[in-house]
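Student: I would like to go through the terms used for this model and see what each one rests on.

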Amino acid sequence: MKMNLDKIIVPLDVSSKEDAIALVEKLHQVTFWKVGLELFVSCGPEILTFLKSQEKRIFLDLKFHDIPNTVAGACRSASRYGVDLITLHATAGKTAMKAAQMAAEDGAKEAGYPVPKLIAITLLTSLNSRDLAFDLKVPLELPEYALSMALLAQESGLAGAVCSPQEVAQLRQTCGDEFLLVCPGVRPVWADKGDQQRTFTPSEALKAGANYLVIGRPITASNDPVKALERIIDEIK
């Protein structure tokens with residue numbers, strides 16, 4: 001059970017530190033938590049300090065996307081908190097990703113923490129092929145675009161990428177076994193897809209080659225989050 005649990009990252013998609021703490025205490029068995037924009041903007045690094053005090057692993061999912069100097073500065077600061085994963089958009093470009101990696105190494109060293117793994121967003125899982133073609137005017141097919149972004153991240157020295165589970169198998173085959181693949185958009189067979197467009201079940205995503213599954217609302221929006229988590233773990237045994 002613990003091996004399967006370690007592969008699940010639960011998002012703290014709440015608006016206050018108090019709500020976040022309540023969720024962590026309710027799901028005390030969860031070892032890996034995601035802190036995104038809403039919570040971080042609401043309470044800042046206080047939530048990271050709390051999670052560290054509880055010996056939890058932290059996925060800081062702020063999706064940095066700016067000019068290289070700004071992205072590098074953000075990753076340097078973020079790495080000083082002792083987080084495990086940090087996201088930035090691959091579309092920031094190779095220069096920004098290389099600068100971010102170097103800055104993260106510097107920041108972690110200054111703070112005495114291990115270097116966090118930087119992972120690149122390939123394409124948000126709320127977007128589909130039509131969005132890519134008609135709204136973003138990208139002339140590539142979605143799987144080809146996701147792969148190109150992952151390869152750009154790998155060439156820039158990043159540890160991995162965030163992708164939908166539907167692209168995992170291709171990215172795993174092309175980028176190799178050491179490249180970290182983190183998958184949001186994972187939904188158990190019994191859960192509503194919400195605004196996720198490109199989904200797999202937990203078992204499907206792991207079999208395709210995902211290292212970590214980000215599973216939020218099927219757990220956190222459930223009437224019984226503990227039972228929902230146990231149900232997912234049973235599903236991927």
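This is a predicted model: local features need pLDDT of at least 70, side-chain atom pairs count only at pLDDT 80 or more; totals for chains, interfaces and linings use all residues.

Tutor: Residues are numbered from 1 along each chain as its sequence is written, and side-chain values use heavy atoms, with hydrogens and water left out.

Student: Why is the pair of Phe-32 and Tyr-212 called edge-to-face?

Tutor: Rings of Phe, Tyr and Trp (its six-membered ring) pair if their centres lie within 6.5 Å; planes under 30 degrees apart are stacked, over 60 edge-to-face, the rest tilted. The centres of Phe-32 and Tyr-212 are 5.3 Å apart and the planes stand at 80°, so the pair is edge-to-face. The structure holds 1 aromatic pair.

Student: What makes Tyr-212 count as buried?

Tutor: Buried means under 20% relative accessible area, exposed over 50%, and partly exposed in between (1.4 Å probe, protein chains only). Tyr-212 has 13% relative accessibility, so the residue counts as buried. Phe-32, at 0%, is buried too.

Student: And how do you know that Asp-61 is buried?

Tutor: The relative accessible area of Asp-61 is 6%, so the term buried applies. UniProt, in an unreviewed entry, lists Asp-61, Lys-63 and Asp-66 for "active site"; such annotations may be inferred rather than shown by experiment.

Student: What makes the charged end of Arg-130 sit over the ring of Phe-134?

Tutor: The rule asks for NZ of Lys or CZ of Arg within 6 Å of the ring centre and within 35 degrees of the ring normal. The charged end of Arg-130 sits over the Phe-134 ring, 4.5 Å from its centre.
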